[in-house]
There are 2 protein chains.
Amino acid sequence: MGVTIKKIAEDLNLAVSTVSKALRDSHEISADTKARVFEYATKINYSPNPYASSLKGRRSRNIAVVVPEVSDSFFSEAINGIEEVAQREGYHVMIYLTHEDGKQEQAIVNDLGNGRVDGILISVAAGATDHDHFDDVKLPLVFFDRVREDIPSTRIVTNDYESGYNAVKHLISRGCRRIAFLSAFGGLNIIRYRREGYLQALKDHGIDVKNCPIVSCTNNESENLRILTQVLDHTERPDSIIGSVEKVTMQAYVACHELNLSIPVDIKVVGFSHLQIASLLNPSLTTITQPAYEMGRAAATALFKTLSKKKLDVVNEQIEIPSVLIERASTR
Amino acid sequence: MGVTIKKIAEDLNLAVSTVSKALRDSHEISADTKARVFEYATKINYSPNPYASSLKGRRSRNIAVVVPEVSDSFFSEAINGIEEVAQREGYHVMIYLTHEDGKQEQAIVNDLGNGRVDGILISVAAGATDHDHFDDVKLPLVFFDRVREDIPSTRIVTNDYESGYNAVKHLISRGCRRIAFLSAFGGLNIIRYRREGYLQALKDHGIDVKNCPIVSCTNNESENLRILTQVLDHTERPDSIIGSVEKVTMQAYVACHELNLSIPVDIKVVGFSHLQIASLLNPSLTTITQPAYEMGRAAATALFKTLSKKKLDVVNEQIEIPSVLIERASTR
DNA sequence: GTTATTTACGAAACCGTTTTCGTAAAATGG
DNA sequence: CCATTTTACGAAAACGGTTTCGTAAATAAC
């Protein structure tokens, strides 16, 4: 249907191969033939069929972005960064949502192996129990934020351990001694590191760990509210909360509002988040803000660096971009 | 590299065409041959090369989603809906961000014409001045939210006029008489309709329009803060604000905070938004919540309906999914 | 038992591009 | 002026499927 090389060749009395080479600026084609071809091609608005090129060249110029969800501000900002780099490099971005479901993640990743994309950027699902579905992926793989450390690949992370540590340090400096940690659903590494940083900081500052509950949240909002209410609704309650992901932090806000606990008077809150409107919350939220945009850019850049090589092996390295603690009213 | 039909054919002593037909469950292949092929194919984990199929069949099973940005909660929720439908239908979603830039939108749409995708879902950029770059698009096109009415295509919209009207009605019922309308950047239809609903409601309720400024916001945050401060920082200021998009509503919050105006005592605010955390804002925000997820689903469904037909013409119709006004503390 | 039809498969063309290889003509070398 | 290299192009074979068409064998029809 569209205008093809064949049509150009016929109209210009040239061979198909000549036109193809001219368009790719081959040295075997004379300057004026190239000029003739270019001129005519732009005139009739020629655009190469991507499938033919991909079929022959084994390059699709597509990349896949596999994330748990897109309505989390961290992921949407990361996608923003990824898309910018991709567009500049002439790549196309395909997006897949796992909804934190390991099975679905597996199905998606498997489906990607047939050449539809040249590489994958992924932040793994929290509900990924099955741990072998990356083994037979032959595509270059770059993990960002939620990484798999047992797989040789590039990993773009933030300083989760340190951030957990700093959150505690910050709360202690505000007089807190009963610091709760809200663990997110699933067994994600990033949560584990944040928790370990939290625990180490408690230890280093001589805080009694017995008063510092680690609350395991689920993937269900109302269930979490029930759990949080249970933790907060008694006199021995914590004097501060660290939300390990955006969602549970928001749920902690809801629980405090419902229990008429005043933030930051009755309880202080700091949350891992990327919300640009954290400052507009009631009260404005002290956040550990992850460099989502930069992590997206870094992940995409790492992938394209690999794709530009002959050998499609992602270098096995870890790139850390630090988060920053932004103090607001919730810990004042 | 991967396992191909040819390999299956050789290993099973069949012709390539036989294998192809068997895999597509053709009636010309006997039941036991089909069984043999299926079994072997699954055993060696065969997956068809999408480029070969697309090249021959002129179907890519890809669709493009072109949106201004992904960090706006409306668009991220819409993408969520789109992706769900697409995944169910076996389609792949390519995402493109225009950053409200008409030129970039044009470049993206042009680049999509060569068959990389089978159809396009688009919400047009606010900065689209050039109005002819959809004319030569031969792909099925479905607009959602920000539509182009002069182009025959399916349009998924919400009741913008009515919502603008209802926002005013709600504020009037709360005693407001000096109602400001914050227009968003660009000449979007949706903003115009919301504004027209706003104006009609003022008229119908006998409100003096002179006290109801229409504030033209820009695409620049600090510039908007300057403008908003100018509007709010005097005694004759409005007693209420309608934010026509999420961003300017949030900026109005910031401006009020900076000017120490108490919401809702000094000024009431209602905003077009999809924020799930609107209830956590300071104070919780009365929103006109657009059915983002449903609009995404509807847009994708309409597109796939077209793609399943022989004739690839999108029906020229408009589907309206109503928004709902959710009352919260900002207008109490 | 002969002819007509159906069944089950294979050969080959095709989708649009890239790439290898072959080869006249032109340019260069001695 | 003849031998060799370079230049500029064309023919054809891929890439991995799908689809049309042809055709033996099996079955049905009469």
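Predicted model: local features only at pLDDT ≥ 70, side-chain atom pairs only at ≥ 80, totals over all residues.
Start with DNA strand D and select the 27 residues around it; A:Thr18, A:Lys21, A:Glu28, A:Thr33 and B:Lys56 come nearest.

Next, colour the surface near DNA strand D by residue class. It divides into 10 nonpolar, 10 polar and seven charged residues.

Switch to cartoon and pick out the helices. In chain A, select H2 (16-23) and H4 (50-57); in chain B, select H2 (16-23) and H4 (50-57). Each of these helices supplies at least two residues of the surface near DNA strand D. Which element gives the largest share of that surface? H2(B) does, with four residues.

Stay in chain B and show side chains.

- B:Ser20: a polar side-chain atom sits 2.8 Å from a phosphate oxygen of DNA strand D.
- B:Lys21: an N or O atom of the side chain is 3.4 Å from a base oxygen of DNA strand D.
- B:Tyr46: here a side-chain N or O atom lies 2.9 Å from a sugar or linking oxygen of DNA strand D.

Finally, zoom out and select chains A and B. Display the contact residues of both chains. The same surface serves both copies, as 100% of the contact residues of chain B recur in chain A.

Terms used
Residues numbered from 1 in each chain as written. Chains lettered and ligands numbered in written order. Heavy atoms only, no water. Contact = heavy atoms within 4.5 Å. Near = heavy atom within 4 Å. Polar contact = N/O pair within 3.5 Å; in protein donor to acceptor, adjacent residues only side chain to side chain. Nonpolar A, V, L, I, M, F, W, Y, C, P; charged D, E, K, R; others polar.
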